[in-house]
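Hi there,

Here is the structure I promised to pass on. My notes follow below it.

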Amino acid sequence: MGPFIALALNGFREARRNRVTLLVAIFALAMLMSTTLVLEITVGTFDRVITDVGLGAMSLMLVLLAIFLSSGLISREIERRTIFLMVSKPLSRGAFLVGRLAGNMLTVTVLQLLMAALFFAMMSFYESPISPAHLAAVGMLWFELWVLSAVGFLMSSFSSQMVSAFVTVSVYFAGHLSSDIYKLASKSESGAIQALGKAVYYVLPDLSRFNYRPHATYYAPVTSSELLSAAAYGMAFTGVLVALAVVLFNRRDFR
Amino acid sequence: MRSRTSLPALLAGAFCLSALVLLAAPPRQQPRGPHQEPLLPRQELLRLVGRGYLELVADYFWLQTIQSTGRAFLAEEYGDVYPYADLTTDLDPKFGLVYVFAGSVLPTNTGREIWANTDESTRLLRKGLKQFPNDLKMHVLLAYNLSAFHKQYQEAAQVLERASKLPGAPSYLPALATRLYAQSGSVDSGLALARTLANSAEDEETREIFKQRVRDLELEGELRRVEASIGRFRQEFGVAPPDVDTLLWLGFLDRPPYDPKNGGFFIGSDERAYSHTQQRRLEIFTPNNRGYQWAMPMEQ
């Protein structure tokens, strides 16, 4: 367990050295500016706008960060040849990969906690009501970040940073549209297209399952069973992708 | 080895910074030429690109809706509110405030009670009512548009009838609905509504109000019957009849008109039918139609 924790903490330290904490400052600035501006220019929808801006900015920043961090980590190790140091240690490649993912997620989680604290503090300051849907939106974002990081990691285990980032961004968009692909395909008269649409839907992560921002916007009720199922879906998808990444990484020859 | 002086870079940077400060200016105002509708992205594109953030995108266009309202001065500029509000509600159909806000600000009086952008306002309110079938404000706004701008009294009455059954509806709505029914010529629909309301009234005072409305509507029905016979008389002789008895005598009226309040009927100088017991006709009053006869005959 020791080397695993060391790897995770090291990943966090590395990200901190890369000044990723600056994102929290940018988030705080964005929140402050938007609330000040919105107070001046909106009519009767302050609670809605502060929720949308806060959750939207948090999600966008963390998604981009997760994609950037995860897609570059392994390929950078390979490019810098530091991977040779790691593979020569008495540590399995799988543990190395999962340790790096844990480090990545530790960074993202710490930033998310800071952003969430800022967001809720801002809402309390403006006496904007906080509902369970707000907590669900923040919590489910964390699972979405796990899935996206896993996609980045999988790609990073066998391709360059550029390709990994491109594919992960594409998966992010496709993942939010996958339910539409399913619905559109099921309207087709061709059985083959229906099957293809369903296959695409099941292969891609359905990221809309983690999107509780509309619920927060409308203070809509959320059920714990729905949340649990989405969280389990996220962790299962991550598990599959990480397992695939480990298999591919194990087969890779670094000579 | 050459010395590592940063002076040239600093100097160049300072020079460029000064140039930037001097050149910095607020965004240019577009020359005020002929008015052009705002060119907005298609909602399909926004749905594709902004998936996962649609509420945030809708918020942006909502803020633009408010800003376009604030900027507007002319009727066509108020018309710009429609594309913004339409796009906002396309992106987020449950954004209820947008329908009410834009539906209220769009109709613009261009002078002498000539209104612009009324179709857009009505379209938006109809769109909103599909999403919020129990929204009282939207019902009332739509009924107002239909009666005041489009003169579609029957539909306005139907909208108000639905609104009057919503929780929190003001007590005058059913009465207004019956008046609109009468105005549209559907006296029977108004009567049916008034009778239902009288029968279902929980207190005696409300029941009496609707019973009175039933009597008013019955009288209005009789007045319309007399008016129809006046029209037929005018077609036949080219002038209005002198009194109601003439209509009866010549057979233009098959039976004497019945006033539930036991009053008599007369033909006013505007050649419309009136009753002694009801000073004003049951219709929508406008600057051109006050609904009553100034030269009321004293006693007959």
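In which helix of chain A does A:Ile5 lie? A:Ile5 lies in helix α1 (helices are DSSP runs of H or I, at least four residues, numbered from the N terminus).

First, the basis. This is a predicted model, in which local features need pLDDT of at least 70, side-chain atom pairs count only at pLDDT 80 or more, and totals for chains, interfaces and linings use all residues. Residues are numbered from 1 along each chain as its sequence is written, chains are lettered from A and ligands numbered from 1 in the order in which they are written, and side-chain values use heavy atoms, leaving out hydrogens and water.

Now the core. The largest nonpolar core has 106 residues, among which A:Met58 and A:Leu62 touch the most other members (a core joins buried Ala, Val, Leu, Ile, Met, Phe, Trp, Tyr and Cys residues through side-chain atoms within 4.5 Å; buried means under 20% relative accessible area, exposed over 50%, partly exposed in between, with a 1.4 Å probe and protein chains only). Helix α3 of chain A (residues 46–79) gives the largest share of this core, 17 residues. There is also a second, separate core of 12 residues, including B:Leu219 and B:Phe252.

Back to A:Ile5: its relative accessibility is 42%, so A:Ile5 counts as partly exposed.

Lastly, B:His150 sits in the loop between α8 (136–149) and α9 (153–164) of chain B. Its side chain makes a polar contact with that of B:Thr122 at 2.7 Å (N or O atoms within 3.5 Å; within protein, one must be able to donate a hydrogen and the other to accept it, and residues adjacent in sequence count only if both atoms are side-chain atoms).

Best wishes

Terms used
Helix = DSSP H or I, 4+ residues; strand = E, 2+ residues; numbered from the N terminus.
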